[in-house]
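I opened this model to look up its core, its helix packing and its strands. My notes are below the structure.

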Amino acid sequence: MRRDSRLSGVLHVLVHMAQASEPVTSETLAGLIKTNPVVIRRIMGGLRNKGYVRSDKGHGGGWTIAQDLSTVTLLDVYLALGSPDLFALGNRTEAPRCFVEQAVNAALNDTFQEAEALLLNRLGTITLAALSEDFHSRARSADRRCRAESHAAHALPTRTC
């Protein structure tokens, strides 16, 4: 079964957009996550409708973040995407009158509902600002590591670090 990676993809492009000093085109964003610009426009449309991003047309146009990153949670973004299914697992429904199937489905339904509530609650506690800070922390750490490796080898830093 294919996974729905829209949430991960849109979070990826939003953090990139937060680093940009000017609007970012759908083509550029699509390149970041290896998808089609039409997919980006469709996904970003839901975010625009909620006021999280805005788009400008024409030369120099593109997508920009419209709200402070600390005010937008991962839950907000998930809901703006239309609340896609969180789990690939589901119940059998081929024999709805079978008591065994009913018992199994009841147990699984309760478990799925608890897991979904827990996940949605957690998504509501993480902001885009937290993602951006994590990105910056990782970039700083990688930069320090690259400088140390380059210094040790008496070579110039490379882009591969």
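Entry 1. I am working from a predicted model.

**Entry 2. The core.** I looked up the largest nonpolar core first. It has 27 residues. The residues with the most contacts inside it are V10, L14, M17, M44 and L47. I then checked which elements give two or more residues to this core. They are α1 (6-19), α2 (26-33), α3 (37-49), β2 (62-65) and α4 (74-80). The largest share comes from α1, with 6 residues.

**Entry 3. V10.** I took V10 from that list and looked up its contacts, leaving aside neighbours within four places in sequence.

**Entry 4. α1 against α3.** How are these two helices packed, by angle and by axis distance? I read an angle of about 80 degrees and axes 11 Å apart. Angles of 65 to 115 degrees count as roughly perpendicular, so α1 and α3 are roughly perpendicular to each other. From α1, the contact is made by R6, V10, V13, L14 and M17. From α3, I40, I43, M44 and L47 take part. I sorted this contact by class: 8 residues are nonpolar, none is polar and 1 is charged.

**Entry 5. α2 against α3.** On the α2 side I noted S26, E27, L29, A30 and I33. They meet P37, I40, R41 and M44 in α3. By class, the contact of α2 with α3 divides into 6 nonpolar, 1 polar and 2 charged residues. I marked M44 and I40 in my notes: both are listed in the contact with α1, and both are listed in the contact with α2.

Entry 6. Next I looked at the strands. Strand β1 covers residues 53-56 and is joined to β2 by 4 bridges. The two strands run antiparallel. I looked up two of the partners. S55 has W63 of β2 as its bridge partner. D56 has G62 of β2. β1 and β2 form a hairpin, with 5 residues between them. G58 lies in the turn and has a positive phi of about 85 degrees.

**Entry 7. K34.** The C-alpha atoms of K34 and L11 are separated by 14 Å. Along the chain these residues are 23 residues apart.

**Entry 8. T73.** T73 is found in the loop between β2 and α4. Its relative accessible area is 13%, and buried means under 20%, so T73 is buried. Which residues does T73 touch, not counting those up to four places away in sequence? I listed L123, G124, I126 and T127.

Note on methods:
Residues numbered from 1 in each chain as written. Predicted model: local features only at pLDDT ≥ 70, side-chain atom pairs only at ≥ 80, totals over all residues. Heavy atoms only, no water. Core = buried A, V, L, I, M, F, W, Y, C linked by side-chain atoms within 4.5 Å. Buried < 20%, exposed > 50% of the residue type's maximum accessible area, 1.4 Å probe, protein only. Contact = heavy atoms within 4.5 Å. Axes fitted to C-alpha atoms, helices over the stretch in contact; angles between N-to-C directions. Parallel < 35°, antiparallel > 145°, perpendicular 65-115°, else oblique. Nonpolar A, V, L, I, M, F, W, Y, C, P; charged D, E, K, R; others polar. Pairing = 2+ DSSP bridges.
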